[in-house]
Amino acid sequence: MSVLVVLALAVEAATVAADSGVAFAAPRSQREGTVVSAPSYGAAEARDVLSARLMARLQGRRIEALSERTDASQTFVNADGTVTYTAFAEPKWTQRGGSWVNLDPTLQLRADGSVVPVAAEADLVLSGGGSGPLASLTVDGKNLSLTWPTALPMPVLSGAKATYANVLKDVDLELTASLKGGVEETLVVKSAEAASGPGLSDLVQSVSTSNGVIAATDAGGNLTVTDGTGRLLVNSPAPVMWDSATSTEPAVAGGGNSIAGLAPAEADKAKPRAGTRSTAQGPGSHAHHAAVKTTLRDRKLHLTPDRGLLTAKSTVFPVYIDPAYVPHPASGSRLHWNEVQQAYPNTSNYDSSPSNGNGVGYQGFSSPKGIERTYYRVGIPSAIWGGTVLSADMKMTESYSASCGTTSYGVQAWSTNVFDASTTWANAPGKVAQQSSVNFGPACTSSPSGTFSFMNQVTNAAANHWQTICFVLVASSETNEVQFKRFSSAASLSITYNTPPTTPTSLAASPTATDGYAASATPTLSAKATDANSDTVRLDYQVLSGTTVKASGSSAFVNSGTAGTWKVSTALADGSYTWKVRAYDGRDYSAWTAAKSLIIDTKAPANTTVSSTAFPAGAWSGTPDASGNFTGSFTFTPPSTDVGLVAWQLDDGAWTYTSTTGAAFTKSLTFRAGKHTLIAKTHDKAGNLASGTYYVFYAGSGAALLTPAQGDRPARRVALTGQGKPAETGVTYQYRIGETDIWHNVPTAHVTVRSSGAPVVSWPLAAPGGEPVALTWNITDTFTQDGPVDVRAVFTDGTTSDNSPVNTVTVDRNAGTAPLLSAGPASVNALTGDASLSATDASGFDLTVTRSASSRRPTNGSAQEGQAAIFGPQWTAGTTAEITGSDWSYLRKASDRSVALVDADGDPTGFTAASGGGWKPEPGAEDLTLTGSLLTGTFTLKDSEGTTTTFAKVDPSATTWQVTSTFLPTTNSTTQVVSEKIPVGNTFLARPK
């Protein structure tokens with residue numbers, strides 16, 4: 001990705017380059033003479049870098065990415081995909097209300113009488129007259145205020161300048177606002193009489209700061225204001241003063257004038273230019289200078305003007321006394337400068353320069369004289385780090401030359417060590433290495449420009465991740481006064497660089513099951529790499545055997561961060577290799593990745609064997625538990641080599657994967673009676689599969705009921721399927737109502753052949769090889785009551801019989817376990833379509849009375865055995881004990897060997913008589929324990945959470961047992977339900993009392 005970075009020292013805003021054109025293929029009529037206007041695209045800006053990149057490519061011009069803009073920098077994406085970063089020494093914008101506004105130091109009067117700039121980076125407030133602070137600067141929430149010792153007159157405003165007339169006799173005070181929100185404070189002494197006045201002997205201003213802010217002056221009179229961490233908030237170079245002298249006579253510098261000794265023609269060319277005039281913003285070229293002694297004591301800033309300059313006969317009035325205050329907000333420019341002067345060895349002009357520019361060379365025309373150098377410190381954007389620098393050029397504009405002759409003089413650029421606001425001539429860092437030299441002519445009728453190369457320095461910054469670079473401009477001769485020059489702050493450092501893609505990641509080979517292996521002689525390799533500016537990248541691959549490249553190739557260009565794939569074009573023999581990859585963005589390459597192992601393995605592994613002592617292959621074995629389940633251990637023995645995992649599956653169940661390096665492992669499996677197939681397939685690390693081992697075994701004594709399965713809840717029909725020994729020839733399906741019942745043959749009138757619908761005439765049904773055809777049993781034709789039923793298959797070979805383990809199913813005409821759907825206030829059974837409603841009628845004493853209705857059972861309320869339909873025939877009444885959560889209503893006799901426990905909605909839970917006494921719940925209700933007898937007249941129900949519910953008849957002749965109480969193991973938890981009997985015919989019905 002090619003990127004152009006421009007770091008600009010610009011006091012004035014740089015003008016964005018005009019749009020470049022876009023070439024379009026014109027229609028024939030246009031190519032034959034029709035003039036076509038260039039397209040108009042509107043503002044050259046986009047929300048972010050990605051959007052700017054797309055716009056730049058489509059429109060053929062550079063687009064600013066507004067998301068990257070700061071107070072003093074812009075980022076552009078150019079039409080060719082490069083990026084231009086421009087940083088300015090002075091800020092250009094500030095954000096207000098989430099939008100950027102141009103900075104404008106023009107002063108205006110506020111409603112409260114204070115004076116402020118239209119828009120500045122830091123908050124600056126100037127006095128509107130009176131006794132308040134003269135100037136108040138707020139930087140990142142920290143304040144510095146300066147207060148004039150006497151009341152001030154109302155200022156006269158002109159642009160960025162506020163003039164307070166006659167603050168002393170014949171002395172005006174001018175305040176000039178800067179774009180940064182700083183202020184230049186200039187006293188204009190207009191006459192010798194004013195200069196001799198006592199008020200100028202010690203100018204005192206009060207200084208106040210926010211809590212934690214420290215203001216201090218050094219020995220040279222430089223003022224710094226820092227926060228609690230030491231970060232610079234405001235600096236003020238040691239003040240100077242100058243007069244308005246414009247003498248054109250050459251001044252003699254200490255150490256000699258370089259004109260002496262020149263040939264006449266050369267001396268003529270080097271003749272100094274006419275003097276320039278002084279202003280409040282800076283001295284003229286021949287003005288007399290002097291330092292202003294500055295000290296800060298007891299929060300008072302004392303400025304002591306030089307009496308010699310004020311009273312000298314050669315002094316030309318007006319005289320200007322000029323402290324300046326420069327703010328440094330955190331959002332401000334990352335480009336700083338410091339002009340150091342031999343004449344003022346302890347002054348730091350950090351980020352502060354006269355209006356005519358920063359000095360370079362020997363200044364020998366105004367007193368005091370001496371060498372001047374200008375240092376620059378440029379923040380390097382981290383986007384350059386690791387990039388390839390293609391060029392690094394600094395463009396400087398000459399704003400003043402001491403000579404108007406035609407001779408050009410050299411200015412050198414040297415790298416230096418770091419400097420800051422404490423740097424002065426006395427402690428300035430020395431020159432390290434010359435970067436370049438440029439000749440500049442006179443700047444009298446024009447402003448010549450030149451370009452310095454910083455290729456070496458910026459290349460080092462990119463390679464070593466430097467945050468800044470520092471350099472200094474010096475004159476090729478620092479003794480010749482006519483070579484003295486000043487350079488405008490409108491300088492720019494342009495860095496063109498390309499950011500190589502990152503070293504690829506996410507390396508993978510396919511097809512494979514394990515990283516580092518491939519099951520193909522021509523595997524597909526893939527990797528991802530990113531580019532700093534979201535360019536497309538290409539991935540280059542190499543496959544090696546030792547150091548020999550066996551195959552190489554590249555992906556297509558893909559989006560940054562997207563996998564780029566390449567299929568090896570030369571078949572690789574099975575064996576061990578390494579591979580590596582690098583990324584390419586069209587100009588630069590990333591580093592190669594570390595070598596990654598690649599084992600080519602195209603051969604299938606050997607099979608895994610399966611064995612079981614409990615269930616030998618091909619044999620009927622095992623004894624079921626109380627639930628009819630069989631459990632056994634099976635040992636899987638994979639090959640000792642070329643194995644990564646074993647996949648195994650029992651019947652049609654889910655595949656299970658067990659990792660192994662060749663060691664055998666054992667799994668305990670649970671299943672129902674009948675034939676089972678256990679499949680085992682070896683997978684090697686490359687993903688190759690063995691043909692597979694199919695281990696067939698049989699659970700049971702020779703007969704199995706396959707369907708219905710244990711726990712099924714048929715609502716109408718049920719499938720009958722079974723399996724017997726190969727020698728068996730017939731099957732009979734039987735049922736019973738619990739363990740105390742005898743076995744009954746399923747009525748053949750209720751059974752048909754599933755495939756044809758043909759009736760079953762008699763039992764046993766033909767079962768050649770122990771494999772009978774599947775049947776359908778209309779189970780609700782056999783049973784009038786819902787509830788649990790035991791089913792088995794009996795196989796025979798004509799002489800002996802084998803009984804299958806028992807499967808218990810629950811006849812449930814209401815399909816109570818089917819999913820429910822919401823339909824307004826009703827719940828709809830997804831299987832039967834039954835729409836049910838429920839409501840609460842009353843609550844009190846920890847008991848709630850409820851009712852429910854069913855669309856498929858419109859008379860369900862009156863159909864409840866032994867219960868009075870207290871809410872009408874449609875509604876089933878019930879109660880819920882709030883403490884225990886019990887919502888059982890009553891218990892009824894379903895048959896001589898079964899009972900049904902009915903809840904508040906009229907839904908039953910069945911129990912059958914157990915052979916050892918007590919009652920066995922239907923499948924799924926194993927948490928319930930029911931005791932009692934059809935003869936004793938009472939029942940007790942306990943659940944696994946400890947809730948106990950008792951049932952009793954309201955009359956000996958009643959056919960149901962009503963809930964009488966429910967309680968928890970804790971005290972004070974009993975809820976009693978009292979029912980009363982209502983005579984109906986020869987019996988009694990129950991209802992809540």
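Predicted model: local features only at pLDDT ≥ 70, side-chain atom pairs only at ≥ 80, totals over all residues.
Close-up 1. Serine 526 stands opposite threonine 565, a residue of strand 44. Serine 526, in strand 40, is also the bridge partner of alanine 508.

**Close-up 2. Strand 40 paired with strand 44.** Strand 44 covers residues 564–567 and pairs with strand 40 in the antiparallel sense, over 4 bridges. One of the residue pairs is leucine 525 with tryptophan 566, the latter in strand 44.

**Close-up 3. The two faces of strand 44.** Side chains alternate along this strand. Gly564 and Trp566 point to one face and are buried.

**Close-up 4. Strand 38 paired with strand 40.** Strand 38 (residues 505–510) and strand 40 (residues 524–528) run antiparallel and are joined by 4 bridges. Alanine 508 has serine 526 of strand 40 as its bridge partner.

**Close-up 5. The largest cavity.** A search of the whole structure finds 5 cavities of 30 Å³ or more. The largest cavity has a volume of about 210 Å³. It is lined by 19 residues, and the closest to its centre are Gln867, Ala877, Ser889, Gln962 and Pro992.

**Close-up 6. The lining of the largest cavity.** At least two lining residues come from each of strand 69 (876–881), strand 70 (888–895), strand 77 (960–967) and strand 80 (987–992). Strand 69 gives the largest share, 4 residues. By type, the lining holds 9 nonpolar, 9 polar and 1 charged residue.

Terms used
Residues numbered from 1 in each chain as written. Heavy atoms only, no water. Pairing = 2+ DSSP bridges. Buried < 20%, exposed > 50% of the residue type's maximum accessible area, 1.4 Å probe, protein only. 1 Å grid on protein atoms, 1.4 Å probe; cavity = no way out; pocket = protein on both sides within 12 Å on 5 of 7 lines; lining within 4 Å. Points joined across faces, edges and corners; volume = space filled by probe spheres on them. Nonpolar A, V, L, I, M, F, W, Y, C, P; charged D, E, K, R; others polar.
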